[in-house]
Amino acid sequence: MQEVPRSAQGSQITNPVLNSPTIPTIDLSLSAPREPGDLVTTLNIVIIITLLVLAPSLILVMTSFVRIIIVLGFLRVAMGTQQSPPTQILVSLALILTFFIMEPVGRDGYEAGIKPYINKEISYDEAFIRTIKPFKEFMMKNTREKDLALFFRIRNLENPQTIDDVPLTILLPAFMISELKTAFQIAFLLYLPFLVIDMVVSSLLMALGMMMLPPIMISLPFKILIFILVDGFNLLVGNLVNSFK
């Protein structure tokens, strides 16, 4: 009988295929539904994916972001600083201020709708209604009655008696045009002092006979200096936050 080597006696034969970790696979193939429940499941997945894509935009238009970013954009144009502060900085500041303003509203929505739904105390439909109600109240307080009535007249609907009678599809556009008007009003008041500085500098240059010298080169340092002396960002941010009801 042939003797087996000792090295072979202590070794164990392993199958690398059997010991390799199992990688999960995802099947994205489309097939005809065999039962009505399969179609409902597919439609729910499509709706969820669509909402995930549109969620950032929907959240931004339901909050204070629109007013803040427009005012900050007009501030940069009024000062004439071209691309300073950069757009990314302005958007980041607008997002941070939006989170600061909307934090109480989001907390109320979480406590009223999302938390009970996670605890399986209420249904999905009721959770959605409770969660969206604080946001509807916020939008109603900052929406002009004239703008809200415009979309009710377009739809030929009766005047609402309570906030629950206002559909979200009507409140959203009314809130957006109200925010745009308010933002432009604030931007107009913000633009005036910088416009006065430009006019004064232009008049002085014309009086001195410096017709070829661009007024923006002289007025820009004065704009920045005055904005720093009055603590412009403190005043602007404070008034923006307080402008929301």
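Here are some notes on this predicted model, point by point.

1. Ground rules. Residue numbers start from 1 along each chain as its sequence is written, and side-chain values use heavy atoms, with hydrogens and water left out. Since the model is predicted, local features need pLDDT of at least 70 and side-chain atom pairs count only at pLDDT 80 or more, while totals for chains, interfaces and linings use all residues.

2. Overall make-up. You're looking at ten helices and zero strands, where helices (H or I, at least four residues) and strands (E, at least two) are DSSP runs numbered from the N terminus. Of the 245 residues, 27% are buried; buried is under 20% relative accessible area, exposed over 50%, and partly exposed in between, with a 1.4 Å probe and protein chains only.

3. Contacts and surface. Take the contacts (heavy atoms within 4.5 Å) with a separation of 6 or more: 69% of them join residues 24 or more positions apart. The chain exposes about 17800 Å², with 67% supplied by carbon and sulfur atoms; the areas are Shrake-Rupley values with a 1.4 Å probe, and for residues only the protein chains shown count as cover.

4. The core. The largest nonpolar core has 37 residues, and Ile 68 and Phe 138 touch the most other members. A nonpolar core here is a set of buried Ala, Val, Leu, Ile, Met, Phe, Trp, Tyr and Cys residues joined through side-chain atoms within 4.5 Å. Helices H4 (65–79), H5, H6, H7 (145–155), H8 (168–207) and H10 each give two or more residues, and H4 has the largest share, with nine.

5. Positive phi. Lys 120 is not a glycine, yet its phi is about 60°. Lys 120 sits in the loop between H5 (87–118) and H6 (124–141) and is exposed, at 76% relative accessible area. Asp 231 has a positive phi too, near 55°, in the loop between H9 (215–229) and H10 (232–242); Asp 231 is partly exposed at 42%.
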